Amino acid sequence: RKAQRRDPRFRRGSRGLTRRRRPCAAASFGRRQQRKCMNYIRISSIRTIGLLLIATARPALAFPRSVMSPPSPSFSAFHTAFWNRIAATYDDTSPKTNAYRDRRLKLLLDERYLKPDDKVLDFACATGRLAMDLSVHVHSVLGIDLSQKMIQKAQEKVEGSPGCNVRFATTDLFDESLDGEGFSVVGAFNVLHLVPTPELFLRRIGGLMAPRGLLISETPCMGTKPWYFQTAIGVAAWTGLVPKAQALTQEGIEKMMTDEGFEVVKSIVLEGGDPLIVARKRDA
């Protein structure tokens, strides 16, 4: 009896010492499989909810050409308010970001995509950092943006540089005053993923360009980001914290450019950056 009390195979209960039952191997296996199944269901449910949120948070990519039109007033109003809100801290960048901007500009100059006689349009210019960087190497630059506060900060840069060949305007790409300008280079940096119909904007850019003009774009490709990152951005956009972002890919952007009358000249991803694509307007 004393030996049984010390033996772990026995336990004391209301009926005295009884022998412990050995667990059934089949039952243990069944419980393990049940836990695996439940974990799989949880993960699948989270992914499904995330994908649904992404689908409802971003606008459709494809529209019939006959119904394409400039962005709605509500689209412009939301973007204006958002970019006005962050304009004060927009120029607060790290040395790593500044080094990347220098590498990008060096590439554009080394490949001779920018020339001294170029007339440049900087679409969605923000606070004008890129426009000011380009101005030293081209004939003239016009930067446009929807955000009044972004343009105010850009104007401050011009006022601090007498004789600068840069102008800034608070307007959008569909402003009729831009018609007939014949820009030889159009820059579209960090903007194509934020517009509701990139094809429409590419077509408008082509209409503003001189024959054989160059489009230089750099676009975050949300379509190649991990699903959980897309989910987080989708939820933030759905709640109105950030603008809605298209789930674009590098190959998808190249195809859109080709479909809208451009010939892709170079497509590269610099270290620490997003896909940089240079496309030339095809002859009509």
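Student: Which helices and strands each supply at least two residues of the lining of the largest pocket?

Tutor: First, note that this is a predicted model. The general idea is simple. Rolling a probe the size of a water molecule over the atoms shows where empty space is left. In this case, helix 3 (73-86), helix 4 (95-110) and helix 5 (129-135) each give at least two residues to the lining of the largest pocket, and so do strand 3 (119-123) and strand 4 (140-145).

Student: How much space lies in the largest pocket, and which residues are the closest to its centre?

Tutor: The largest pocket holds about 1200 Å³ of space. It is lined by 47 residues, and Trp-83, Tyr-90, Phe-189, Asn-190 and Val-191 are the closest to its centre.

Student: How do the residues of that lining divide by class?

Tutor: The lining of the largest pocket has 25 nonpolar residues, with 11 polar and 11 charged.

Student: Which residues line the second largest cavity, and which helix gives the most?

Tutor: Its lining consists of Arg-101, Arg-104, Leu-105, Leu-108, Leu-130, Asp-133 and Leu-134. Helix 4 gives the most, with four residues, and helix 4 and helix 5 each supply at least two. By class, four residues of this lining are nonpolar and three are charged, with no polar ones.

Student: Phe-229 lies in helix 8. Why does Phe-229 count as partly exposed?

Tutor: The label follows from relative accessible area: under 20% is buried, over 50% is exposed, and partly exposed is in between. Phe-229 counts as partly exposed because its relative accessibility is 35%.

Student: Is Asp-117 buried or exposed, and where is its place?

Tutor: Asp-117 has a relative accessible area of 59%, so it is exposed. Asp-117 sits in the loop between helix 4 and strand 3. Its C-alpha atom is separated by 8.7 Å from that of His-137, a residue 20 residues apart from Asp-117 along the chain.

Technical notes: Residues are numbered from 1 along each chain as its sequence is written. This is a predicted model: local features need pLDDT of at least 70, side-chain atom pairs count only at pLDDT 80 or more; totals for chains, interfaces and linings use all residues. Side-chain values use heavy atoms; hydrogens and water are left out. On a 1 Å grid over the protein atoms alone, a cavity is a set of points where a 1.4 Å probe fits but cannot get out, and a pocket is an open set with protein on both sides within 12 Å along at least five of seven lines; lining residues have an atom within 4 Å of a point. Grid points are joined across faces, edges and corners, and a volume is the space filled by probe spheres set on the points. Ala, Val, Leu, Ile, Met, Phe, Trp, Tyr, Cys and Pro count as nonpolar, Asp, Glu, Lys and Arg as charged, and the others, Gly among them, as polar. Buried means under 20% relative accessible area, exposed over 50%, partly exposed in between (1.4 Å probe, protein chains only).
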